[in-house]
Amino acid sequence: MTSFQGTPTYPDHAWHGNATVLENVQIARATFRIRLASPPLAERIVPGQFLMLRLPRRDDPLLGRPLALYAVVPDASGRPHAVDVVYLIIGRMTSRLREVPAGAKLDVWGPLGNGFPPDEAEHLVMVAGGIGQTPFLSLGREFLGMQRYGKPPRAVPVAKKATLCYGARSAEFLAGVSDFEAAGIEVHLATDDGSRGHRGLVTDLIAPLVAKSPWPCRIVCCGPEPMIAATARIAQRLAIPCQVSLETPMACGIGACFSCVARIRDESGNWDYRRTCVEGPVFDAQHVVFDNEELGAPSAREAE
Amino acid sequence: MVQLAVQLGRLRLRNPIVVASGTFGYAREMTGFVDVGRLGAILPKTITRHPRPGNPPPRTCETAAGMLNAIGLDNDGIDAFLTRQMPYLAGLEPAIIVSIAGRTEEEFVEMARLLDAADGADAIELNISCPNVSGGVDFGTDPARCERVVSGCRKACKLPILAKLTPNVTDLARVAKAAENGGADALSLVNTCLGMAIDWRHRRPRLGNVLGGLSGPAIKPIALRAVFQVARAVAIPIMGIGGIATIDDVMEFLVAGATAVQIGTANFYNPTVTMRLLDELPEALAQLGAAGVSDVVGTLEVP
């Protein structure tokens, strides 16, 4: 794996093919987990990476959809066999996806993007909002030493503790909480309506958690941009490392189209549009220029 | 054995399956998926004289059987292209057709000169049809300016010149003839169709640039019509572009009058599409009893 800060990197060998759907089950309100049989994908993908998924033999909806790795599922002999991804019903494609039965085939390509870096984290604090919890089940399992990912399996220093701070609109949207608990991940919940956990923002949970932790913390974050921006500010204030996984609208997922750009700062503080798919989706929080920030001029680029 | 090689003016390609500019990155992005060495030619993403940040996001939006894009020629400029991308591209087997866009005739000519002086380019495609930058499309809508920019580039360099035209004009054949008069070796037809998408609940355009270019299967009939009409109006060969995704699409464009085809948006939703087309092409040509691609080009029978 390469650094999220590095130059664009492309997979030497990615998989594109028809994956058989093994399961497609509802796990929360408007939220489904789909299991796709693909040993080549399952053995290569690491936490934070994603795949593109498309309904085959149709021109409408046309484009694939990027979905983050939720879990790698082994076969009876323990070898990586299938991948789970979790999706929220949002539009035309996901509405059709929920109807796809087990046994059907979907067009899939990946693994794509750069995963979360396997940096030291004595206490890994995973902050998620909306559907942003999906990359963190595999990451938590990896950092707790329960499962290894990648080919060859990447080495990750084992954390003393992994915590998920997870916020959603209401309790019925919280998806996969028992999966996280079963993995030994401590879960703190927040809902907008207070139907479960803290009533309010998930970001309210971060500072008290870090203050109480006996270990140095590292934050990883995924969710709606305002929540990511707030988390990044908190991490900066607490002076703890923070990586964020950005979700930007993508057409290809493989670096070809230049659609999915985000404003990323370089070392000198200038920003440029960078492709989330191949240069991210995981970035250091301090490098991301969020929407409400003063922009200034892009680096070394003329104005439009 | 079916003959796959095609001739586009002074440019010879070993097969007619080409990837369109802006849909294949700088080729490196695609090496994990396809054997790029098998392609007839590669068109890297359009470069400009100076770096451009591109348009603010959202830059793309899916539409019915298609997509809108307003990337805005996000690129690092020709100098960075020549040092960072060209050495890799030059080492590949397929022809490298470098797509360039200038804001002025002088910028086009200067880039043509720079590419001529550098190693690696086998031809130049003049992107005089990008709808997403101001100045980009003017050369493709005004026949006189089109002819001037083509002839200026032709004089400035020895490389074969292709002119990529916009369908967003009343009389495409007239612009095509102007490019031919200017000395183009071939024409690339067509760039995207200008369009837009709206989120009415928020009364907002769905693209950061408000307007964008429509591509994908939705525009195939428009592109096919353009190739058919222009093929009857000019003597130079045509590269067909617009919603090509299947071998049937490829054959339709060849029969309509295209000598080669560029695969664009299909690379986004089917990254291995070009390999499949290359596998299927000989059989499709054989179905028409053709000994080579040229035997089917422009063979449409109109009752």
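Trainee: How many bridges join strand 1 of chain A to strand 2 of chain A?

Mentor: Happy to start there, and keep in mind that this is a predicted model. Strand 2 of chain A covers residues 31-37 and runs antiparallel to strand 1 of chain A. One facing pair is A:Ala28 opposite A:Thr31. The number of bridges joining the two strands is seven.

Trainee: Where in chain A does A:Arg57 lie?

Mentor: A:Arg57 is another residue to look at for its backbone, with a positive phi near 55 degrees although it is not a glycine. To find A:Arg57, look past strand 3 (50-54) of chain A. Its place is the loop between strand 3 and strand 4 (65-74) of chain A.

Trainee: Strand 1 of chain A also pairs with strand 6 of chain A; in which sense, and over how many bridges?

Mentor: Strand 1 spans residues 15-28 and strand 6 spans residues 105-112 of chain A. Within this pair, A:Thr20 stands opposite A:Lys105. The sense is antiparallel, and the number of bridges is six.

Trainee: Is the peptide bond that joins A:Gly110 and A:Pro111 cis or trans?

Mentor: In general, most peptide bonds are trans. A:Pro111 has its place in strand 6 of chain A. For the bond from A:Gly110 to A:Pro111, omega is about -5 degrees, and the bond is cis.

Trainee: Let's turn to chain B. Which strands stand at the edges of its open sheet of four strands?

Mentor: The order of the strands is 5-6-14-11, with antiparallel pairing. On average, neighbouring strands here are turned by 40 degrees against each other, direction ignored.

Trainee: Which residue in strand 14 of chain B stands opposite B:Asn69?

Mentor: Strand 6 (residues 66-69) and strand 14 (residues 211-215) of chain B run antiparallel and are joined by three bridges. Opposite B:Asn69 stands B:Gly213.

Trainee: How are helix 6 and helix 7 of chain B placed to each other: roughly parallel or roughly antiparallel?

Mentor: The axes of helix 6 (residues 220-231) and helix 7 (residues 247-256) of chain B come within 8 Å and cross at roughly 25 degrees. Angles under 35 degrees count as roughly parallel. The two helices of chain B are therefore roughly parallel.

Trainee: How many nonpolar residues does the contact of these helices have?

Mentor: Helix 6 of chain B contributes residues including B:Leu224 and B:Phe228, while B:Phe253 is one of those from helix 7 of chain B. The contact has three charged residues and no polar ones, and its nonpolar residues number seven.

Trainee: Finally, what radius of gyration does chain B have?

Mentor: Chain B has nine helices and 16 strands, and its C-alpha atoms fill a box of roughly 55 × 50 × 40 Å. With 303 residues, a compact globule would have a radius of gyration near 19 Å. The value for chain B agrees with this, at 18 Å.

Notes. Residues are numbered from 1 along each chain as its sequence is written. Chains are lettered from A and ligands numbered from 1 in the order in which they are written. This is a predicted model: local features need pLDDT of at least 70, side-chain atom pairs count only at pLDDT 80 or more; totals for chains, interfaces and linings use all residues. Side-chain values use heavy atoms; hydrogens and water are left out. Axes are lines fitted to C-alpha atoms, for helices over the stretch in contact, and angles run from 0 to 180 degrees between N-to-C directions. Angles under 35 degrees count as roughly parallel, over 145 as roughly antiparallel, 65 to 115 as roughly perpendicular and the rest as oblique. Contact means heavy atoms within 4.5 Å. Ala, Val, Leu, Ile, Met, Phe, Trp, Tyr, Cys and Pro count as nonpolar, Asp, Glu, Lys and Arg as charged, and the others, Gly among them, as polar. Two strands pair if DSSP finds at least two bridges between them. The radius of gyration is taken over C-alpha atoms; the globule rule is 2.2 Å times the number of residues to the power 0.38.
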